[in-house]
Amino acid sequence: MHLSRFPRIRFAHLSTPLEPMENLSKHLGGPKIWIKRDDCTGLAGGGNKTRKLEFLMGDAVHKGADTIITQGATQSNHARQTAAIAAKMGMQCHILLEDRTGSDDVEYNYNGNVMLDQLFGASLSKYQADTDMNKAMADLAEKLRGEGKKPYIIPGGGSNVVGALGYVNAALELLGQAKDMGLKIDHVVHATGSTGTQAGLVTGFVGSNSLIPVLGIGVRAAREAQEANVFKLAEQTAEYLGIAGVVKREHVVANCNYVGSGYGIPTPDGIEAIELFARCESILLDPVYSAKGAAGMIDLIIKGEFDKAENIVFVHTGGSQALFGYRNAFDFPKYR
């Protein structure tokens, strides 16, 4: 998998650390848990979308774009990172935010990632839940072309074959780190939503014949739909890389029992996971993605789904900037 064949702009802080979480492992009584710190990718506070944006922005420049269009939920981590790199590269950025929760909380609607989107100078527009966001982006692109602009559309989460290359690269990076450390990885676990992260990891691990299983903890869709969407993108990504057919349906596994009431709505177990990571490891999770991924991993450990002697790598996809839009989800006492 020769990724240097594809346009890429290098701005991520790579390789991200691979660290043991000794306190959390002890607290849970094993197995040994490691964390791949993709919250440390550098761009606008970091996160998994930065890896994808290296290839997506490379493709945008290659195609002569001067304007970026993307979409996401109100507290989208992807939107924040896209707005940031567009600003750094001197491009206009239009972000279409879908109101998936219906929350009227001022902090949720204007703090956290939304505040950072505006700080980076992005143009924001709000859409009702269940809007056809792809059509909305296509309509905006057509309008901008009429104004003489050259727009480039990035799908939600940066999840297409170009963006997925970022996590093919992450899989190869993780394998290299494990080899250098003498670490045998038994499982990789992460939060899965728009599918690009899991599709890239699966393609990277399968394409390199590493035999490392990937478990995605779903944050939005039901299992059948999530697995089908991940598999479709993984197949497309493998074909894009010139290794069509290597990814099989059995390579894609998602557990979607930890979504709760819906996307972007915190769960009690997710809030507990945020507090546990903070107090055991001084690591910040976000309520939308990484907290639900961690909550699923913790629950499966407690239920004995993993052998106590195994090594689990939790891929931290970032997003702690969204915490400031979710203060009301925490039962913090008042102080004087």
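User: Let's start with Leu-53. Leaving aside its neighbours within four places in sequence, what is it in contact with?
Analyst: Keep in mind this is a predicted model. With those neighbours left out, Leu-53 is in contact with Phe-11, Leu-43, Gly-58, Gln-81, Thr-82, Ile-85 and Ile-154.
User: And which residues touch the most other members of the largest nonpolar core?
Analyst: Leu-53 is one of them, along with Ile-68, Ile-185, Val-188, Leu-201 and Phe-205. That core has 53 residues.
User: Which elements give two or more residues to it?
Analyst: Helices 2 (49-62), 3 (77-88), 7 (161-181), 8 (196-207) and 9 (223-241) do, and so do strands 4 (92-99), 6 (151-154) and 10 (311-316). Helix 7 gives the most, with nine residues.
User: What other core is there?
Analyst: Another one, of 29 residues, lies apart from it, and Ile-274, Cys-280, Ala-295 and Leu-323 are among its members.
User: OK, holes now. How many cavities of 30 Å³ or more?
Analyst: Two. The largest has a volume of about 90 Å³, and 14 residues line it, with Asn-48, Lys-49, Ala-191, Thr-197 and Tyr-289 the closest to its centre. Helix 2, strand 7 (187-192) and helix 8 each give two or more residues to that lining.
User: Is that lining mostly polar or nonpolar?
Analyst: Polar: 10 polar residues, against two nonpolar and two charged.
User: What about the second largest cavity, what lines it?
Analyst: That one holds about 40 Å³ of space. Its lining is Ala-73, Gln-75, Ser-76, Tyr-108, Tyr-263, Gly-264, Val-288 and Tyr-326. By class, that makes five nonpolar, three polar and no charged residues.

How values were computed: Residues numbered from 1 in each chain as written. Predicted model: local features only at pLDDT ≥ 70, side-chain atom pairs only at ≥ 80, totals over all residues. Heavy atoms only, no water. Core = buried A, V, L, I, M, F, W, Y, C linked by side-chain atoms within 4.5 Å. Buried < 20%, exposed > 50% of the residue type's maximum accessible area, 1.4 Å probe, protein only. Helix = DSSP H or I, 4+ residues; strand = E, 2+ residues; numbered from the N terminus. Contact = heavy atoms within 4.5 Å. 1 Å grid on protein atoms, 1.4 Å probe; cavity = no way out; pocket = protein on both sides within 12 Å on 5 of 7 lines; lining within 4 Å. Points joined across faces, edges and corners; volume = space filled by probe spheres on them. Nonpolar A, V, L, I, M, F, W, Y, C, P; charged D, E, K, R; others polar.
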